[in-house]
Amino acid sequence: MGANGLEAAALLRKVVGLGFLVQGFRCFPWLGVSYFLMDGLGVAASSLQILQNSANLPMVAKPLIGILSDAIDINGQHRLPYVAIGALLQALSWIAIATLPAAYLSISVLTLFLLLGNLGASIAEVANDAIVAEAGKQSHTPSESGQLQSFAHMFGSIGGGLGNLLGGLALSHVPPKTMILFFVVLLVIQYSLTISVSESSLNLPKKITHHSKSTSIWKQISELGVALHKPEIHHCIMWFSTSYAVVPLLNGTMFFYQTQYLNLPSSVIGFSRVFGQVASLTWSIAYNKKFKKFPAKKILFVLQSTIAMFMVSDVFFVKGTYRAMGIPDSVYVVIFSGLSEALLFFKILPSSVLMAAMCPAGCEASVMAFLMSAMALANIISGYFGVALAASVGVSADNFSYFPVAILIQAFCTLLPLCLISWIPDVSRPAKKED
């Protein structure tokens, strides 16, 4: 690789690293928002989980954003302008939340701005994922395969770790709105860097088209349809989304149990998520060094089974078994709860590497966005499923007697996708674009 190639690679890693760092650091203002909703607005556990999941609805629009990014250039660029637009929308939404007087910041108004912020986040994520997929497909040797995906995942984990660590500490000293303004500064830095970089300097594949914008959009939709008709692609997407959708999410209920019932301080919750991000970072390094040579099917099977085992462990935690054995609740929450939450996201790295390898050239953003959109919709369904499950077994903010029953049902549902693991191909091969 020549000097220009090395400079392009360094600049690419700088752009991707900052993009995924900001993406991971989004947990910092969201931690403040969670406590603001719970303590400032008195939102119940079920309402908190419904609001958090509903705010993720813009993530479902990722396929449309991916198609627009693939088909429509802005000043001759297909990726970086969309990252800048996403950062700008996020900054505007968080500034509004941080500066509006409390009298005007009702739940409906807050939800509206959170939706706007997540729309910006989804635009930036689609563009960042497309950059990683396009650059990754230019690897010439097996040893290079998945390296940029692992690099991006590592920076996302670093951002998440820093966000949760600083968030857990900041909640004890500064109000949530100050935390939000700190995140706005990071978004401004990302916006400034993005608009100062020319996409051509990243050595991404050139998109040459002589069609009008409307024709390009329909052409991109057609190519996305061709890609999704490939059995190995649509079967993978179906399994990934199913593995989230059929599992009822009880994070909101567990958050209330830990903070309201056990009265654990915010610093413990923050350190728990930091431990999870450290585990995620370790997984990124281990996957890149060792596990990426293993079939994705085997990795996903082991991860899904391990998630179910950790859920069974949560049953003993809620019943007080570990407490009776002399293990403090705070220790369990920091180590095991943090690792349990991180395991839910471990599947994203092998799935991203697998999909990037099978993705046809020319519609990387569209296919990767469709995958992330399916996962986002699955997580929303999972959140609503979790609220319904908690209500049906009688779990509330004042009564956690049947919480272990809900967790056991959650663990059983986690094992169901293993019956469909054959949908994951044993070997991933780069797919060629079909006309």
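Trainee: Which residues of α2 are buried?

Mentor: Some ground rules: this is a predicted model, where local features need pLDDT of at least 70, side-chain atom pairs count only at pLDDT 80 or more, and totals for chains, interfaces and linings use all residues. Residues are numbered from 1 along each chain as its sequence is written, and side-chain values use heavy atoms, with hydrogens and water left out. Helices (H or I, at least four residues) are DSSP runs numbered from the N terminus, and buried means under 20% relative accessible area (1.4 Å probe, protein chains only). By that cut-off α2 is mostly covered, and its buried residues are C27, F28, P29, W30, L31, G32, V33, S34, Y35, L37 and M38.

Trainee: How far apart are the end C-alpha atoms of α2?

Mentor: The expected span of a helix is 1.5 Å times one less than its number of residues. Helix α2 has 14 residues (27–40), so it should span 20 Å. The model agrees with that, putting the end C-alpha atoms at 19 Å.

Trainee: Which residues does S284 touch?

Mentor: S284 sits in helix α12, residues 266–289, and counts as buried because its relative accessibility is 0%. Contact means heavy atoms within 4.5 Å. Leaving out residues up to four places away in sequence, S284 touches S150, H153, M154, S157 and L349.

Trainee: What separation do the C-alpha atoms of G252 and L11 have?

Mentor: G252 belongs to helix α11, residues 251–261, and counts as buried because its relative accessibility is 4%. Along the chain, G252 and L11 are 241 residues apart. Their C-alpha atoms are separated by 39 Å.

Note on methods:
Helix = DSSP H or I, 4+ residues; strand = E, 2+ residues; numbered from the N terminus. Buried < 20%, exposed > 50% of the residue type's maximum accessible area, 1.4 Å probe, protein only.
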